Structure formats: C-alpha cells, structure tokens
Amino acid sequence: MDRPDIPLNALRVFEVAMRQGSFTKAAIELRVTQAAVSHQIARLEDLLGATLFQRTSQGLVPTDEGRLLAPVLEHSFDAIGRVLDRLHGRRDVEVLNVGVNTTFALGWLTARLDGFCAAHPEIELRIATNNNRVEILREGLDMAIRFGTGGWTGHETVPLIEAPLSPLCAPGLAARLQDPADLGRAVLLRSYRNAEWPQWFAAAGIPAPPVTGPVFDSSVALAELAADGFGVALLPIAMFSRQIRQGRLTQPFATTVPAGHYFLAWPSERPQSRAMAAFTAWISGACRDAAAEAGQAGQAGQAGQAGMGDGISCARMSSGAASAQSRSASSAGQRD
C-alpha cells in the first residue's frame, strides 16, 4: 500500500494543536515556539492541499478536513504508544480519559469506581471533573458524562440515569415546611436555569412565588448551602443520597419534576476503543443495577413509611436508566 509522503512530526503537531485548540498551548506542550507550530501546520496544509484550521478572533476552529483527520491521528499515536510501552517492558495498559459532571462524580460515580478498576486492570481510568460545559476533543478526553436532554451535535450518547429535581434542605428548616405553599416564606436557592422553580410549583399545583437572590451554576454548591441552613435548593435527589442518609439534607415534599438525564457521550467521528467500549458496558450495567435497587427500595418504603418512601427510594440512586444508544442532534447547556 502506498503511503503519502507526509512528515510524521507535522502530523504530531497537528494532533496536539487540535487537542489544545491553540497554537500557543500546542507550542508549550511540544516545547517549541509558536512560530514552529504555525510553520508545521502550514506545511501540512500545503502537502495535503486542504485547510485544517480557520484562524478566528475566538481561536482555532477546525475545518471538516481537520475534524476528519484528528481522531485517526489520535488513535494512531495512542496505538504507537501502547506498542512502545510493551517494547520497554511495561504492561499493556490503555489510558481512558473521561470528563465527568461534578455532581455525578461526587454523588454517584466515585463510590463505584473500585468495581470498574477491579474488573479492568488493563485500563488506567483518569477522571477530570467539570461543570457540565466540556469540549471532549479540545480537552483531550475520550468520553464525558454530561447532564441534560441529550442531542449534542456531533456526539453519540448513551442515557445513564434520569435525575428529577425536588426540594432539599436542612432537617431543621424542613420541620417548618408543612405545605408547599410554606416555601413562599423560605429562601429559595436557585440555579441559572430560571424555569426550574416555576416548573416545580406548577407540578405541586400552586403559584410560584418570586425567586430572587444569588444564582449558582453548581448543584454541589447549592446542596452545601441548603445543608448549612441557608435555604431550600431544587436538586437532582438521586445524586445526594449520601447527604440524605447522613441527615444533612432532607426532602420535605415528594413532588418531583423531570429535568433530564445523565448521559455518556463521545464524538461521533471517533470509533470506540477497547477501553471506551468496556467503560460504556460497565457504567450502563451499573446504572441498570442502581435503577433496580432504587425500585426495590421504593416498594419497601411504600409498604413501610407513608410519605417518605418515594423520597428515599429516589435518593438512593436513580429512577430510570437506559442503555439504548441514541444519536445526537442539538443541545443546550445544563448546570452540573
């Protein structure tokens, strides 16, 4: 098979520039000057007869040709690295970089990671937390766990856990909330998604009071403020089961509103590696097990303590995980 006369170094420079999203950052990683990076990219574009980046005031924007070439090079360099490791006597370990929404990481994933590591010692899993705004390719990730409604352009997704929202607050404050209308006299902590509290009050069947005060983009921050008694937060209860079990948070009302799912996502143009496929299978199975556990807990709660069963069962894990794969189309940002 004929191979194009393309210098390997130029391909490497392009792969780093694509991942970093900046010639300057690529130069830092490669320990060369920015001019050297720019020269290598220009040379590669000339040899290929194709433009790989559009230079804009916002930074580098990859062209269709650039997006087509990047995942092929990334996987090729990864494969070369694995073989070189073996030649140097190191065990065959595949690194998997996964970006994870902070709430999901702290509230669900970390307690189960030992299971994945024990089942797959050949995979070195590296977790990077984020606030749900993550660019997989640019940040050097293989996959990401995000919250929302799905539909992220250019990504394949697997729905993991549904995460309905419900009010959570400190037990002392909950004791003063006998009816949803009592929330009108409480401090309602809010996220930047302004429609959440009105949606919850509509589901509870009462008008929504004015919601004012600071806005937060982190469910973890909202939960800490609520646990410290500063107000009531509308949170994905499935992610805060530990705080509920510890008695730091309680769910005063059983009403919930759908807000979206946690999804596992990866770029559509990137074929799944062995590690990606293993992680997809493992986390999908773990979510199914958690959904079954939550269902059993819910049945037990209904048979025992009226009014508390729904809240506890929802908080223990999830309410509906699916493993069917879906293709994305469009999306909007969500809080973590």
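The entries start with the basis of the model and then go through helices, strands, cavities and a pocket.

**Basis.** I am working from a predicted model, in which local features need pLDDT of at least 70 and side-chain atom pairs count only at pLDDT 80 or more, while totals for chains, interfaces and linings use all residues. Residues are numbered from 1 along each chain as its sequence is written, and side-chain values use heavy atoms, with hydrogens and water left out.

**Helices.** I looked up H2 (residues 23-30) and H3 (residues 34-48), whose axes come within 8 Å and cross at roughly 105°. This makes H2 roughly perpendicular to H3 (65 to 115 degrees counts as such). Axes are lines fitted to C-alpha atoms, for helices over the stretch in contact, with angles from 0 to 180 degrees between N-to-C directions. Helices (H or I, at least four residues) and strands (E, at least two) are DSSP runs, numbered from the N terminus. On the H2 side I noted Phe23, Thr24, Ala26, Ala27 and Leu30, and on the H3 side Gln34, Val37, Ser38 and Ile41; contact means heavy atoms within 4.5 Å.

**Strands.** S1 (residues 53-56) and S2 (residues 59-62) pair in the antiparallel sense over four bridges; pairing needs at least two bridges found by DSSP. The two strands form a hairpin with two residues between them. I found Leu60 of S2 as the bridge partner of Arg55.

**Cavities.** How many cavities of 30 Å³ or more are there in the whole structure? The search finds two. On a 1 Å grid over the protein atoms alone, a cavity is a set of points where a 1.4 Å probe fits but cannot get out; a pocket is an open set with protein on both sides within 12 Å along at least five of seven lines, and lining residues have an atom within 4 Å of a point. The largest cavity holds about 90 Å³ of space. Its lining includes Glu15, Glu74 and Arg270. H1 gives the most to this lining, with three residues.

Of its 20 lining residues, Pro62, Arg67, Glu135, Leu137 and Arg138 are the closest to its centre. S2 supplies the largest share of this lining, three residues.

Conventions. Angles under 35 degrees count as roughly parallel, over 145 as roughly antiparallel, 65 to 115 as roughly perpendicular and the rest as oblique. Grid points are joined across faces, edges and corners, and a volume is the space filled by probe spheres set on the points.
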